[in-house]
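Hi,

Here is the structure I promised to pass on. Have a look at it first, and then read my notes below.

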Amino acid sequence: MLKADLHIHTKYSFDCDTPLEQIINRCLEVGISCIAIADHGTIEGGLKMQSIAPFSVIVAEEILTPYGEIMGMFLKEGIPSGLSIEQVISRIRAQDALVCIPHPFDTFMRAGLGGKILEELVGQIDVIEVFNSRSLFARFSSKARAFADKYSIPGSAGSDAHTSQEIGNAYVEMPEFNGKDDFLNALAAGKIFGHRTNPLVHLSSLQARLQKLF
């Protein structure tokens with residue numbers, strides 16, 4: 001069985017400065033054996049991690065649309081932020097990749113898609129992140145789980161780590177998989193574990209953002 005943290009950021013995100021080697025060491029320390037690198041607006045970190053990590057790495061990306069973020073999983077090319085939801089989904093599909101909705105309903109300080117939009121997109125969603133350790137309120141995860149259950153969409157979980165110490169705060173214990181289609185079956189058979197991260201950790205993201213800005 002894999003312990004998969006399916007939402008991790010690296011120094012290639014504008015709000016994170018965690019080196020790839022530090023992420024690998026932390027994963028080995030806490031027993032995480034599969035990760036999704038989902039940097040903001042780039043897959044560079046994911047591609048580099050995939051080439052050096054001693055465990056399974058899914059190349060993903062958080063893409064900002066005018067209404068919130070969408071995550072592409074199993075990407076081969078990056079997708080620019082600022083496109084419409086329809087354009088982002090089209091570009092994900094063109095790569096034969098998966099459409100994941102990260103931290104849905106989390107519209108408090110974050111770019112989570114709201115319920116009305118999710119209802120309109122339901123037929124185009126492959127994965128819903130039903131537990132995100134950085135979500136400030138438990139109700140966001142509860143709503144995401146209820147939505148995923150209602151529409152029989154596989155649920156994922158991730159620490160949304162922007163620092164190495166956060167890695168493993170949420171993960172899915174799931175069977176090993178081979179490729180994106182097998183991944184969906186394994187995810188559906190998985191079990192989610194985790195806890196919410198101390199909200200003060202958001203200050204580290206702010207610090208990284210300001211350092212890169214100035």
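**Aromatic pairs and what surrounds them**

Searching the whole structure, which is a predicted model, turns up seven aromatic pairs. One of them joins phenylalanine 147 and tyrosine 151: the ring centres are 4.9 Å apart and the planes meet at 55°, so this pair counts as tilted.

Lysine 3 lies over the face of tyrosine 171, 4.6 Å from the ring centre. Likewise, arginine 139 lies over the face of phenylalanine 137, and here the distance to the ring centre is 4.7 Å.

**Around β6 and β7**

Next, have a look at the stretch where β6 (residues 127-132), helix α5 (residues 138-150) and β7 (residues 155-158) come together. These three elements make a right-handed β-α-β unit. The two strands pair in the parallel sense, over four bridges, and phenylalanine 131 stands opposite alanine 157 of β7.

Which way do the residues of β7 point? Gly155 and Ala157 go one way, Ser156 and Gly158 the other.

Is histidine 162 buried or exposed? Its relative accessible area is 5%, under the 20% cut-off, so histidine 162 counts as buried. Its side chain reaches the backbone oxygen of aspartate 160 at 2.8 Å.

Arginine 93 belongs to helix α3 (residues 85-94) and is partly exposed, with a relative accessible area of 36%. What does arginine 93 touch, leaving aside residues up to four places away in sequence? The answer is Leu98, Val99, Gln124 and Asp126. Arginine 93 and glycine 72 are 21 residues apart in sequence, while their C-alpha atoms are 9.0 Å apart in space.

Two backbone angles are on my list as well. Aspartate 96, in the loop between α3 and β5 (98-101), has a phi near 60°, a positive value in a residue other than glycine. Histidine 103 is not a glycine either, and its phi is also positive, at about 30°. You will find histidine 103 in the loop between β5 and α4 (115-121). With a relative accessible area of 4%, histidine 103 is buried.

That is what I have for now. Send me your thoughts once you have been through it.

Cheers

Methods
Residues are numbered from 1 along each chain as its sequence is written. This is a predicted model: local features need pLDDT of at least 70, side-chain atom pairs count only at pLDDT 80 or more; totals for chains, interfaces and linings use all residues. Side-chain values use heavy atoms; hydrogens and water are left out. Buried means under 20% relative accessible area, exposed over 50%, partly exposed in between (1.4 Å probe, protein chains only). Two strands pair if DSSP finds at least two bridges between them. A crossover is right-handed if, with the strands pointing away from the viewer, the path from the first strand over the helix to the second runs clockwise. A polar contact is a pair of N or O atoms within 3.5 Å; within protein, one must be able to donate a hydrogen and the other to accept it, and residues adjacent in sequence count only if both atoms are side-chain atoms. Rings of Phe, Tyr and Trp (its six-membered ring) pair if their centres lie within 6.5 Å; planes under 30 degrees apart count as stacked, over 60 as edge-to-face and the rest as tilted. A charge sits over a ring if NZ of Lys or CZ of Arg is within 6 Å of the ring centre and within 35 degrees of the ring normal. Contact means heavy atoms within 4.5 Å.
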